[in-house]
Amino acid sequence: TEAWKENVFPLVKSSLQKSFSLKSYMLLYHEATVVNLIEILMFHQEAIEDSQDSVLELIDYCYRKLCWLLNLGEAKPKEFEGKELLTQDREAELKRQFVEIQFSIAMI
């Protein structure tokens, strides 16, 4: 999902701005769903023991998300009021969705 975000998302971003916001939101939310599923699976000690070397990749992923959070600084997602959300253009809405989803993934 990270490779998709870095390589494919910038290419399809302009076409996503023209489509419905739910479609773009679901494409971005896919990573959050996978991370949540892994969190549930890794709750049990047996799953961690059986994951063997894969757990190193998971730790690396978590480390990258932690670094992203630490570098975020004051650029945290802000709360919007209803009027602000209604007047946002598609580009700003897509950017807001992207940052909010990345923040929620990093907080998991």
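User: Which residues of α2 are buried, and how should I read such a list?

Analyst: The general idea is that an α-helix has 3.6 residues a turn, so residues three or four places apart point the same way. In this predicted model, the buried residues of α2 are S24, L28, E31, A32 and V35, and what covers them includes α1, α4 and α6.

User: How is the packing of two helices described, and at what angle do α2 and α6 pack?

Analyst: Two packed helices are described by the angle between their axes and the distance between the axes. Here α2 and α6 pack at an angle of about 10°, with their axes 10 Å apart, and because angles under 35 degrees count as roughly parallel, α2 is roughly parallel to α6. On the α2 side the contact is made by residues including Y25, L28 and V35, and on the α6 side by residues including L94, F98 and I101. The residues of this contact divide into nine nonpolar, four polar and three charged.

User: Where does α2 bend, and what span does this helix have?

Analyst: The bend in α2, of about 35°, is at Y29, while the helix, with its 21 residues, reaches 30 Å from its first C-alpha to its last, close to the 30 Å expected at 1.5 Å a residue.

User: Where is the kink in α1, and which helices do its buried residues pack against?

Analyst: The kink in α1, of about 60°, lies at F9, shortly before the proline P10. F9 is also one of the buried residues of α1, together with E2, K5 and L16, and the buried residues of this helix pack against α2, α4 and α6.

Terms used. Residues numbered from 1 in each chain as written. Predicted model: local features only at pLDDT ≥ 70, side-chain atom pairs only at ≥ 80, totals over all residues. Heavy atoms only, no water. Bend = angle between axes of the 7 residues up to and from the residue. Helix = DSSP H or I, 4+ residues; strand = E, 2+ residues; numbered from the N terminus. Buried < 20%, exposed > 50% of the residue type's maximum accessible area, 1.4 Å probe, protein only. Contact = heavy atoms within 4.5 Å. Axes fitted to C-alpha atoms, helices over the stretch in contact; angles between N-to-C directions. Parallel < 35°, antiparallel > 145°, perpendicular 65-115°, else oblique. Nonpolar A, V, L, I, M, F, W, Y, C, P; charged D, E, K, R; others polar. Expected span 1.5 Å × (residues − 1).
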